[in-house]
Amino acid sequence: MAATSAKPSFALCPSSTEFRHPHSSFTLSFSTYSLRKPTVRGPSLCISSSLSNQSAAPETPSSATSAAFAGTQFPVTEEIFISRYAPDEPRKGCDVLVEALEREGVTNVFAYPGGASMEIHQALTRSNIIRNVLPRHEQGGVFAAEGYARATGRVGVCIATSGPGATNLVSGLADALLDSVPLVAITGQVPSRMIGTDAFQETPIVEVTRSITKHNYLVLDVEDIPRIVKEAFFLAQSGRPGPVLIDIPKDIQQRSVVPDWNQKIKLPGYLSRLPKSSNAGQLDQIVRLISESKKPVLYVGGGCLNSSEELRKFVELTGIPVASTLMGLGSYPSSDDLSLQMLGMHGTVYANYAVDKADLLLAFGVRFDDRVTGKLEAFASRSKIVHIDIDSAEIGKNKQPHLSVCADLKWALTGMNKILEEKAAKLKLDFSPWRKELKEQKMKYPLSYKTFGDAISPQYAIQVLDTLTNGDAIISTGVGQHQMWAAQFYKYKQPRQWLTSGGLGAMGFGLPAAIGAAIARPDAVVVDIDGDGSFIMNVQELATVRVENLPVKIMLLNNQHLGMVVQWEDRFYKSNRGHTYLGNPSKSSDIFPNMLKFAEACDIPAARVTKKADLRAAIQKMLDTPGPYLLDVIVPHQEHVLPMIPSGGAFDDTITDGDGRSTY
């Protein structure tokens, strides 16, 4: 038997919305991609999901619609898996677990060993398919698994031991839930007979993570391992993606069994909440609202990442300008004429202007997050609102729409594009006066920044990086000012270029996420744009970068402060510093700590640049150097992220000027 922790109040949705609330009820649905397994394997469940391997070919729109609402029918693909064991040969539970991962197409895991998980690590050494990337801290491991998942759309896998190893995964699990990232976390547990006795390194991790996972399991029967692993991957990547935890006691790992690989999944509650039918008529209503509109604007979020092609086609057919959330960056090219870039607290003036003045707001794959809306009653107050989202709990939760569609966004966009093409001659959509109005706002309020003499403006550093990489790099970040500048000044062309902790805002995310991306996408240039505060929280992962010889580039925007908190201190607390200086007060003229020494300790090439005139050559050298590289870019702490709408404010409260050199 297996003890499971099911949370019927959580949304499991195919096309993820931007930030997800862990305590909401929702609708379940599945999109139409078949997961392609990268290795040869045996009979296995072929899971439909909008977060499938990008190489998977979509089905036709007609079959897509039926599959998305098919209820409990899922195709089973017969493939050959060559096991290390004879079919009737007993093997340990840990070996069953590893083979189950292999059958799910796992080729990389991020696992840190301990007493309760060492059996799993012994089994991993017997696998010729799965590579373990050894993090230097379990939080680094779970963030790396997230980076892997965010960069590919496939499930990231991390493994930790019991007790403190398991609890070190908590921030990553919460982050994955809030940002809808497919993740399977496996933890060792004390022997089942000792559970509840306060044994050494025992924590009830199922209970600890109940509200920050999509689902979790405590395995109490070794025979359940094949089914549970199959279910965990199914849950993690179907519906709205999210993290699933499997907790396995040590005696279950050691117990001998002949596994049954043909066990069926047992998720009746999950499957029963699938939408049973679609309403294509609602798509006609949306097209009608568009035709009646004079000032429409698209507000797109993380739910659009897997329907980027359909979104681009929709924009091409309608000519409607696009404003993106932090999580939606890359779903529509930032440099396109119709892009308004990011909206919200630190969004562009013209994006927020468009939402404020629009008469129709098309909210696709978003949840009306507080960092976007500010004062809710003032947000899009002139607009009719159309909300399309796979998660029914998000619809009307924060902002009541005039028309809502609970569906896979890929299906909805495909359907609307078909209608628009069929009715193009009749509709004759022309929003050129509206686009002209917004172009004037772009000219009047461009993204800009102050200069500091010979010092390097952090925004300029990101612009240079964007130029030298041609906007093609995968960018990860920590959390803070550098994160917002990276969102504003790097021009993302494609989805999954932008890896950041959005909903949770977890500092220390950037470096391990870059590790995961580099493992998943060895062909890509991967750059961690980080701040000194965030970077030092997982600086130990430099050792992983070196040992794995990963070509991760780290551009550290070092201002010796917790920059975003300092900005708020400047604006709202009369510049009174509440422990936000990260340097050494007794040697304030020195750069402390010396980040170059951290790199040197891990045998990673590094350099420091302090003057604007030297920056371009320094970044070029970073990019040209084989393998990893750390560039310590010293920037002034007085710079502020602008524009800024204060928390709870409205568009009219937008701040566009000033920095730490002024008094407020």
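Predicted model: local features only at pLDDT ≥ 70, side-chain atom pairs only at ≥ 80, totals over all residues.

Student: How many helices and strands does the protein have?

Tutor: There are 25 helices and 23 strands. The protein has 664 residues, and 63% of them count as buried.

Student: And what share of the contacts comes from residues 24 or more positions apart?

Tutor: 75%, counting contacts with a separation of 6 or more.

Student: Switching to helix packing. At what angle do α13 and α17 pack?

Tutor: About 145 degrees, with the axes 9 Å apart. Helix α13 covers residues 349-357, and helix α17 covers residues 432-444. Their crossing is right-handed.

Student: Which residues make the contact?

Tutor: From α13, Y350, Y353, A354 and K357. From α17, W434, E437, L438, Q441 and K442. By class, the contact has five nonpolar, one polar and three charged residues.

Student: OK, salt bridges. How many does the structure hold?

Tutor: It holds 31. One of them pairs R84 with E102, and the closest N and O atoms are 3.1 Å apart.

Student: Where do R84 and E102 lie?

Tutor: R84 is in the loop between β3 (76-77) and β4 (91-92). E102 is in helix α2, residues 93-103.

Student: Is E102 buried or exposed?

Tutor: E102 is buried, because its relative accessible area is 2%. R84 counts as partly exposed, because its value is 30%.

Student: How many residues of α2 are buried?

Tutor: 11 of its 11 residues, so the helix is mostly covered. Among them are G93, D95, E99 and R103. After α2 comes G105, with a positive phi near 90 degrees.

Student: Which residue does K92 form a salt bridge with?

Tutor: E119. The closest N and O atoms of that pair are 3.1 Å apart. E119 lies in helix α3 (residues 118-125) and K92 in strand β4, so the bridge ties together parts 27 residues apart in sequence.

Student: And how accessible are E119 and K92?

Tutor: E119 is buried, with a relative accessible area of 11%. K92 is partly exposed, at 33%.

Student: What about R367 and D369, buried or exposed?

Tutor: Both R367 and D369 are buried. They form a salt bridge, with the closest N and O atoms 3.2 Å apart.

Student: Which residues are linked in a network of salt bridges?

Tutor: E146, R150, D175 and D179.

Student: New topic, the backbone. Which residues does a cis peptide bond join?

Tutor: F592 and P593 are joined by one, with omega about -10 degrees. P593 is in the loop between α23 (563-572) and α24 (595-601). The peptide bond from L642 to P643 is also cis, and its omega is near 0 degrees. P643 lies in the segment after β23 (629-634).

Student: Why point those out?

Tutor: Because most peptide bonds are trans. Likewise, most residues other than glycine have a negative phi.

Student: So what is the phi of K428?

Tutor: Near 50 degrees, a positive value in a residue other than glycine. K428 is in the loop between α16 (424-427) and α17. At 68% relative accessibility, K428 counts as exposed.

Student: And where does H579 lie?

Tutor: In the loop between α23 and α24. P593 is found in that loop too. H579 has a positive phi of about 65 degrees, although it is not a glycine.

Student: Is H579 buried or exposed?

Tutor: H579 is exposed, because its relative accessible area is 79%.

Key
Residues numbered from 1 in each chain as written. Heavy atoms only, no water. Axes fitted to C-alpha atoms, helices over the stretch in contact; angles between N-to-C directions. Helix = DSSP H or I, 4+ residues; strand = E, 2+ residues; numbered from the N terminus. Left-handed = near helix turned anticlockwise from the far one by under 90°. Contact = heavy atoms within 4.5 Å. Nonpolar A, V, L, I, M, F, W, Y, C, P; charged D, E, K, R; others polar. Salt bridge = Lys/Arg side-chain N within 4 Å of Asp/Glu carboxyl O. Buried < 20%, exposed > 50% of the residue type's maximum accessible area, 1.4 Å probe, protein only.
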